[in-house]
Amino acid sequence: MSVARLPTGGQVGRDRTLRFSFDGKSYEGLQGDTLASALLANGVHLVGRSFKYHRPRGIMTAGPEEPSALVTVRRDAARSTPNLRATQVELYDGLCAVSQNRWPSLRFDLGRLTELFSPLLPAGFYYKTFMWPRTAWHQLYEPLIRRMAGLGEAPLLPDPDRYAQQHAHCEVLVVGAGPAGLAAALAASRSGARVILCDERPRFGGSLLCDDRSRIDGLAATEWVTAAIAELAQNPRVRLLPRTTAFGYFPHNHLGLSERITDHLAEPPAGLARERLWQVRAQQVVLATGSIEQPLVFPGNDRPGVMLAGAALRYLKEQAVMPGRRVVIVTICDSAYRVAFEMQAAGARVAAIIDLRPDPSPAQPDGWQQRLRQAGIAVETAARVLRTRGRGHVSAVEIGRLDAAGLPTGQRSIDCDLLLVAGGFVPSVHLFSQSRGKLRYDEALQTYLPGDSAESERSAGACRGLLSGLAAALQDGAAAGAAAANASGCAGEEPRFEIIEDSTAATAGRLPRAEAAVSGPKAFVDFQHDVMLKDLDLAMREGFRSIEHIKRYTTTGMATDQGKTSNVNALHHAARGLGKPVPSVGLTTFRMPYTPITFASFAGQARGEIFDPVRRTPMHGWAVRQGAVFEDVGMWKRARFFPRSGEDMHAAVARECRAVREGCGVFDASTLGKIVVAGPGATAFMDRFYVNDWSKLAVGRCKYGVLLRDDGFVYDDGVVARLAEDRFHVTTTTGGAARVLAMMEDYRQTEWTDLDVWLTSTTEQWAVIAVQGPRARELLAPLVDGLDISAAALPHMAVVHGTLRGMPMMLFRVSFTGELGFEVNVPSDQGAAALDAICEAGKALGLTPYGTETMHVLRAEKGFIIIGQDTDGTVTPDDVGLTWAIGKAKPDFVGKRALARPAMHAPDRKQLVGLLTRDPRVVLEEGAQVVDVPGQAPPMKLIGHVTSSYASATLGRSIALAVVAGGRARIGQTLHVPMPGGEIPVEVCAPVFYDPKGARLNV
Amino acid sequence: MSDTASSGIGMGTTLAPAWLQRVTPAARFVLQGGPSALAAAARALGIPDADAPGRCSGEGTTLTLIWLGPDERLLIAWLEDAASLGARLEAALAGQAHSLVDVTQRQVGLRLAAAFAADLLNCGCPLDLDPARFPVGSGTRTLFNKTDIVLWRRGVDDFHIEVWRSFEDYLVRWMAEAAQDFAPQR
Amino acid sequence: MLLIRCPHCGERPEPEFAYGGEAHIARPADPAAVSDDDWAAYLYLRTNAKGVHAERWRHTRGCGRFFNALRDTTTDRFIATYKSGEKRPEGLR
């Protein structure tokens, strides 16, 4: 048996011991232990070093508020979790934990030297000390500070575990499964409401788990808990979530819960998620989040062996661990007395109770004085702990009284190996505050309580200030649960409980919180950030008046524990120091998460191949077989080029370009957005939406459409076909498909409600195969089942319905290459078969697959723009030479009014031009800047930039498109592109490099 | 069908679980128009219009009509092909302002039938799928993580999902991943 | 994740919706008659209210309809939602 484990009692499984290691040393624990209780059972109190001064620290609490006992738990190199609170880590067989923030070892830590320099490291020291020289911050100070001060280390390997997320809905969410929460869940569930009950601990019951004296409905408290859980568990409309922290309360009763599924298991089942993040939408929320006991501030209050009194009680009752044999208790309230009785009864010697109150007895239950006398427990009233002694562990406390001047009198020393601190319980209002409920200050309890709710929410039990008495908490929870059920439309009834309370369980009494602090060396307020009382005093001396500013200057309450054990003491000390009432000093904000949440749980399942959809066209498999190299365009995978053996991209693209210019090429254009605009108002809609005039477009003909926003700038483009008088087939850019449809819907629904017109995306209905090149018609003619596709029957910019080898087809005579071209549209399921037929027929003609890179070169040779590459949201139609597309006679279209603004016609607007490098082998970099005066020293006067640039195999030289201020007037001029290797001279030319008359299209 | 990739990477491979199966109707249309056009279409189809949010009609027939919006319906035909059905509807709608668009191959149908179906859907769909809130026979457009879907509840644990074809692979992979927490011995 | 009452579909979760900017900014019926300054104001000037804000939403992944909402920008509380084209409800704060 471990040194501090009692032979009987507790709620631990004694049939089997669990082996675990801490800093490489092996220990034994029991099922039901936390790492903290198991370490205490083995007499291990020193578990970490503090953040700033590397002071030895022990286990101060038994719950999520633990500021000091932070450890790293390692399963393997990738599964290593830093900064876990040992008080929450459930023990399993084989658990391996290591301490943090020490080097080379926990007992001998060189970082401890920082404490020698602590006079140099006051609050705000980094604002003052490390300012000069400026460069030293990154090179010297920051790396040094990061190494010396800090927490555990995150693993460098990818996280191999799975994480899950799930949405859930309920009528009543109950947060916290202590007496109030259990009663609320029972009351709500009996109404038939859907109930979710969560608690961060592995077992439900809260404070009932360490209460073996009270009785509820004739049962011992723990038996009643078991019965309550059994009732809830057999109700199919109740979801019970132990090991689940409600970490965030978001608007409209939306709460984030983090469920830890496998961390407590020695061998987690393969494939099971490690954590699940629940996103719960609750009609009503009952917060039963309990209270947090506060420490007291006095010199040496951080020494290992100093522990919260309530924590010691939990270790004693839940895990049968006696954290010390000779105990001194310092308190400002009655809760310490129960702990004293229980410790004494379990065999410890309670040397003294140091009660800060001058006269604690009036509020205390009858019989306590007699019990104290019988037990031989001395009570020192109006006394304080002036300091602690001990190397690595507390061995004695020096107590005394303070005189009117605040000076100590009557000091004496009491030996002890455990100093329990009872600074009063403070309601846990974190979630209530996150929900934007208003907190109100309660003078009697000297703390903030929930005031007006902002959400459909109610607090119950200790978290709303009912700190004394089990009956009050239970009945309050029952009332809240019933009321929540009623508010959600279910008929809830408040159960009544028959309760016999433990007579020593009082927690009240006057709380002299403001006077409780004893200043002096190493009197810590924030244990995790090493903030001392004198740091707060310094901040106030330096003029900080608001607790928000004091917090930021001293960093009190800003550690990972968010000040659960420091904010209250800091606030009261600040109020006292500033001579103001507590409420007027302000209150720091409670933020999510309540306790730290892993990044992975926020990612959930969305990792790797399902992080984002990967969209593939119906002909994707064909492109794979052809050896395509793909590029991402939005979510689409598009074939970029098709290298043959030994080819790089340049060679492949050059070959593909030549094939299209000289013979024929085939290209998967399926990703282009397609929208059917249909209805009697379709023509009017198109006239108002696009710049073009659609009224004269004949059925069966196409037009290049240009879309502006109402600010006059080019937004999208694409070929539009008129399929019927009242039906258009609109194509958009690949990336613009969704946003163009959304913009169309916006105008249709909110501006032009006079039009009977409807929109339907058909992007994925059709597989689109572009067949381009002088031999394209020759290739397709035999495949289209007798359809006449001659120049006369199907001229450039025409569309016809037909079949291709029996497959339904819409055939467009369009070209984005400048060559004779067709786009074969077949229903998506038939895309692959249609493509196979075309490729088979194309064998004799040298049909060559080409990709997006070749498409880009071919269109650039023709000066066809790509939206988003040659335009950037500040480009007018005139800037890119598209004025011809505008229907001049139309009274209005989207963007027309803005185009009339003078600035849209300024002669120095950036206009699309071509650039030819003087050296034809030089290919400009896209994005490179253009200047007109060479040899400038920076900052140069920039007059434009390169938008597209390629090596053109057709032309045997490089070509580029650029937007240049007043560009069209500069045609023929020489400009310069400054690059790191020197300026590149370029000649400005028209942006059409190949077949400017379009002779090759109209054949 | 020469190209397996076109039918969705996830389907027909080891990823396709028994509880998630592709179901392929004969035709799909998006029908839009005013109340009289929608009523005329319903008469031609011989089923009631799905004329309220979340409503479906056609139960017991070979047609399923799902309310997508006040003037928008999704029509799924399980037997009649698109050419025949489209012609029949256009004839019935002659003279009525409307839009009828064949989307048979724009999307695919997946049948999700498992005891954990609603929980699995809730891994990516934030709707309240309690049978009292989203009863059998409901249908709606919604989302599953990063893809839009149309969700139709055929039974308490039996859903039909319509998704654009290029998002099917994503949806199937996502569900197979998430299902590990509900059916580890799948 | 907000809970938003679509005037057509009822309460639905925020991911189904797309925000659409301030409401009740009608596109001038005859843009040609509008001065440059007024057109710029139509395009760019918004109230950026602290408090009750009339704004557009679209139930994109639902019924697809645009609608308007009164939302308190300081609390995210929706005071009312109403169909596109309807007048802003009076007297609500």
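How many salt bridges turn up over all chains when the whole structure is searched? In this predicted model, the count comes to 80.

Take A:R237 and A:E171, whose side chains meet with an N to O distance of 3.9 Å.

Another salt bridge, 3.7 Å from N to O, pairs B:D130 with A:R194. B:D130 belongs to the loop between α3 (117–121) and β8 (139–144) of chain B, and A:R194 to the loop between α5 (179–189) and β9 (195–198) of chain A, so here the pair joins two chains. Both B:D130 and A:R194 are buried.

Over in chain C, C:E55 and C:R71 form a salt bridge with their closest N and O atoms 2.5 Å apart. C:E55 lies in strand β4 (residues 52–58) and C:R71 in strand β5 (residues 66–72), 16 residues apart. C:E55 is buried at 0% relative accessibility, and C:R71 is buried too, at 13%. Back in chains A and B, shared partners link A:E171, A:R194, A:R237, B:D128, B:D130 and B:R133 into one salt-bridge network.

Then there is the nonpolar side. The largest nonpolar core has 55 residues, and A:Y315 is one of those with the most contacts inside it. Among the residues that A:Y315 touches are A:T34, A:L40, A:I59, A:M307 and A:P323. A second, separate core holds 46 residues, including A:A669, A:M855, A:L882 and A:V963.

Definitions and conventions
Residues are numbered from 1 along each chain as its sequence is written. Chains are lettered from A and ligands numbered from 1 in the order in which they are written. This is a predicted model: local features need pLDDT of at least 70, side-chain atom pairs count only at pLDDT 80 or more; totals for chains, interfaces and linings use all residues. Side-chain values use heavy atoms; hydrogens and water are left out. A nonpolar core is a set of buried Ala, Val, Leu, Ile, Met, Phe, Trp, Tyr and Cys residues joined through side-chain atoms within 4.5 Å. Buried means under 20% relative accessible area, exposed over 50%, partly exposed in between (1.4 Å probe, protein chains only). Contact means heavy atoms within 4.5 Å. A salt bridge is a side-chain nitrogen of Lys or Arg within 4 Å of a carboxyl oxygen of Asp or Glu. Helices (H or I, at least four residues) and strands (E, at least two) are DSSP runs, numbered from the N terminus. Lists of a residue's contacts leave out its neighbours within four places in sequence.
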